[in-house]
Amino acid sequence: MRDRRVSEAVIHRLPKYYRHLQDLQARGIERISSGELSVEMGFNASQIRQDFNCFGGFGQQGYGYQVSVLLRELGVILGLTHVYNLAIIGAGNIGKALARYTGFTKEGYSVKAVFDVRPELIGRVLSGVEVAHVDTLNDYLASNHIDIGVICTDKEVAQGIAEDLVKDCVEAIWNFAPIDVEVEGACVEN
């Protein structure tokens with residue numbers, strides 16, 4: 001990658017490119033130009049070329065992009081060649097849905113733990129993972145490596161959970177609580 005920083009806008013477009021390229025590959029499309037991709041995605045062709053050039057460029061002028069190569073390279077850039085361990089905090093509707101989502105495994109995410117406070121949920125098994133009481137979260141994180149904490153709690157406790165996750169060395173947080181959380185030392189996506 002070049003020495004200059006990549007803008008947040010480019011970073012936010014990368015997963016969109018990745019998903020669209022997966023669709024192209026599933027449809028059997030082997031090569032696509034920036035112009036064709038712009039029509040399909042609604043982005044400007046010049047913007048697409050500039051975005052890809054932030055990472056060295058992947059196409060050839062007059063030839064376009066090989067879908068499989070571009071998909072592989074974007075997967076590396078997005079960190080999708082690594083398995084990320086998730087802990088879900090909150091086993092309500094959103095937490096259950098995320099725990100049961102089979103797409104995580106295909107994209108390199110593994111749900112390792114689920115936590116909640118409600119007695120009726122403790123001990124239940126969601127997609128092979130037993131729901132534990134949130135009081136055990138810190139002990140669990142101290143002895144297990146979790147890359148991403150997924151907050152699916154009420155807004156009143158979300159900030160405290162985020163702070164606990166960072167204190168226990170979780171580097172990323174996906175927050176689904178109905179409030180934005182802010183912490184130092186972790187990447188947060190509200």
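Colleague: Is R118 exposed, partly exposed or buried?
Modeller: In this predicted model, R118 is partly exposed, at 33% relative accessibility.

Colleague: Which residue does R118 form a salt bridge with?
Modeller: The partner is D116, and the closest N and O atoms are 2.8 Å apart. D116 is buried, with a relative accessible area of 5%, because that value is under the 20% cut-off.

Colleague: How many salt bridges does the count come to?
Modeller: Six. One of them joins E40 and R27, at 2.9 Å from N to O. That pair links distant parts of the chain: E40 sits in helix α2 (residues 34–41), R27 in the loop between α1 and β1, and they are 13 residues apart.

Colleague: Are E40 and R27 buried, exposed or partly exposed?
Modeller: E40 is partly exposed at 36%, and R27 is partly exposed at 44%.

Colleague: What about D164 and K167, how far apart are N and O there?
Modeller: 3.7 Å, in a salt bridge between the two side chains. D164 and K167 are three residues apart in helix α8 (residues 155–167), so about one helical turn separates them. D164 is partly exposed at 23%, whereas K167 is exposed at 58%.

Colleague: Which residues are joined into one network by shared partners?
Modeller: D23, R27 and E40, through salt bridges.

Colleague: Changing topic. Which residues touch the most other members of the largest nonpolar core?
Modeller: F52, L74, I88 and V114, in a core of 38 residues. Helix α1 (residues 8–26) gives the largest share of this core, six residues. There is also a second, separate core of 20 residues, with A87, F115, I161 and A186 among them.

Colleague: What is I88 in contact with, beyond its neighbours within four places in sequence?
Modeller: The contacts are G95, L98, A99, V111, A113, V114, F115, V150 and C152.

Colleague: Which residues of α5 are buried?
Modeller: G95, L98 and A99 are buried in α5 (residues 93–100). They lie on the same side of α5, because they cover an arc of only 100° around the axis.

Colleague: And what do the buried residues of α5 pack against?
Modeller: They pack against β3 (84–89), α6 (103–106), β4 (109–116), β5 (125–126) and β7 (148–151).

Conventions: Residues are numbered from 1 along each chain as its sequence is written. This is a predicted model: local features need pLDDT of at least 70, side-chain atom pairs count only at pLDDT 80 or more; totals for chains, interfaces and linings use all residues. Side-chain values use heavy atoms; hydrogens and water are left out. A nonpolar core is a set of buried Ala, Val, Leu, Ile, Met, Phe, Trp, Tyr and Cys residues joined through side-chain atoms within 4.5 Å. Buried means under 20% relative accessible area, exposed over 50%, partly exposed in between (1.4 Å probe, protein chains only). Helices (H or I, at least four residues) and strands (E, at least two) are DSSP runs, numbered from the N terminus. Contact means heavy atoms within 4.5 Å. The arc is that of the directions from the helix axis to the C-beta atoms. A salt bridge is a side-chain nitrogen of Lys or Arg within 4 Å of a carboxyl oxygen of Asp or Glu.
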